[in-house]
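Please look over the model below before reading on.

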Amino acid sequence: MRLFKIALIGGGIRETVVANELIKSAYPVSIYGIDKNELISLKPVAPTMEEALEGASVLVLPVSGADGTGLVHAPAVKETIRLTESIMSLLEEDAPILTGVVSPFLKDLSAATGHPIIPLMERDEIAIPNAIPTAEGAVAIAMDHLPVTIYGSKAAVLGFGRVGKAVAHTLKALGASVTVFSRNGAEHKEGRDCGYDMRYYEACSHVLPHCDLIVNTVPHLILDAEKLSHVLPRTPIIDLASKPGGVDFTEAQRRDITAIIALGLPGKCAPITAGEILARGIRPILDEICVKHQERKV
């Protein structure tokens, strides 16, 4: 019977926290592409990526996943880490891939090799607490670009999902007057119960001219040319949505509006906290995979 093995490849501080939590908990992990100086033990470190992946029952990638060419973020090593079909063949058959961002490349690679993807950021136990450092990071960016204090300002939050709620709650706690835009009637009721001015997107032309700050969390075009025509040049827009985002950035630039793409804030603004959240969320997933692996191999 082949032993259960976790391959953890690449990443920064956030993934180092995960690696150390797995080491402390005595998980059978093989690590490559993480800063050795930050690890609590060098025993799980593999000399090559191939050795780390050889016979692994599960592959844990950085939250950023792999880009359009298969490149994996691994600033701690000089060589390029790139996923290919031949590299993936080193894993056990059907070994799942754990990652945050699922790029089209990774989807195609999964289909070609038969390794299913488990998208971590779609799981509530990770995504909900992860919204807090995202919101705090957005506020930090806002403070750098606002000509006024958040206290007493007028802010618009587009979307009332996990991140939208966290952003709205954080801004309100800092003394901002918050208007939230949503298409969902149930979210309107929840938002009103929280004390927000809830609006449908048709009201943008009435609200946006009076805003000091706009934060978008919706991952499709919301702030198009028409809606941007109602935004004052001094009002910064922070786009937290995954690609392609929700802002017509070309139009924003033409109108001299500061529009900021702010992706991956937890890993940038609070990487240790983000790593702890990720580690807590990954452990039960790994335990479940381990059980299934043992049942399959007996």
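## Model

The structure is a predicted model. Residue numbers start from 1 along the chain as its sequence is written.

## Largest pocket

The largest pocket has a volume of about 1,500 Å³. Its lining counts 45 residues, and V101, M121, L240, S242 and L263 are the closest to its centre.

Several helices contribute. At least two lining residues come from each of α1 (13–24), α5 (124–145), α6 (162–173) and α11 (265–269). By class, the lining of the largest pocket holds 21 nonpolar, 16 polar and 8 charged residues.

## Second largest pocket

The second largest pocket holds about 230 Å³ of space. Its lining is made of 15 residues. Nearest its centre lie I13, T16, V17, N20 and E38.

Helix α1 gives the most to this lining, with 6 residues. α1 also supplies at least two residues to the lining of the largest pocket. The classes in the second largest pocket are 7 nonpolar, 4 polar and 4 charged.

## Cavity

How many cavities of 30 Å³ or more does a search of the whole structure find? The search finds 1. The largest cavity has a volume of about 30 Å³.

The residues lining the largest cavity are L8, E15, V18, V60, L61, P62, V63 and L278. Of these lining residues, 7 are nonpolar, none is polar and 1 is charged. E15 is the charged residue in this lining.

## Helices α5 and α6

The axes of α5 and α6 come within 8 Å of each other. They cross at roughly 40°, so the two helices are oblique to each other. The crossing is right-handed.

Which residues of α5 and α6 meet? From α5 come D124, A127, I128, A131, I132, T134, A135 and V139. From α6 come R162, V163, A166, V167, T170 and L171. The residues of this contact divide into 10 nonpolar, 2 polar and 2 charged. D124 and R162 are the charged ones. T134 and T170 are the polar ones.

Both helices also take part in the largest pocket: α5 and α6 each supply at least two residues of its lining.

## Backbone features

Most residues other than glycine have a negative phi, and most peptide bonds are trans. Two places in this model depart from that pattern.

P244 sits in the loop between β10 (237–239) and α10 (249–254).

The other is D94. This residue is not a glycine, yet it has a positive phi of about 70°. Where is D94 placed? D94 lies in the loop between α3 (85–88) and β4 (97–99).

Key:
Predicted model: local features only at pLDDT ≥ 70, side-chain atom pairs only at ≥ 80, totals over all residues. Heavy atoms only, no water. 1 Å grid on protein atoms, 1.4 Å probe; cavity = no way out; pocket = protein on both sides within 12 Å on 5 of 7 lines; lining within 4 Å. Points joined across faces, edges and corners; volume = space filled by probe spheres on them. Nonpolar A, V, L, I, M, F, W, Y, C, P; charged D, E, K, R; others polar. Helix = DSSP H or I, 4+ residues; strand = E, 2+ residues; numbered from the N terminus. Axes fitted to C-alpha atoms, helices over the stretch in contact; angles between N-to-C directions. Parallel < 35°, antiparallel > 145°, perpendicular 65-115°, else oblique. Left-handed = near helix turned anticlockwise from the far one by under 90°. Contact = heavy atoms within 4.5 Å.
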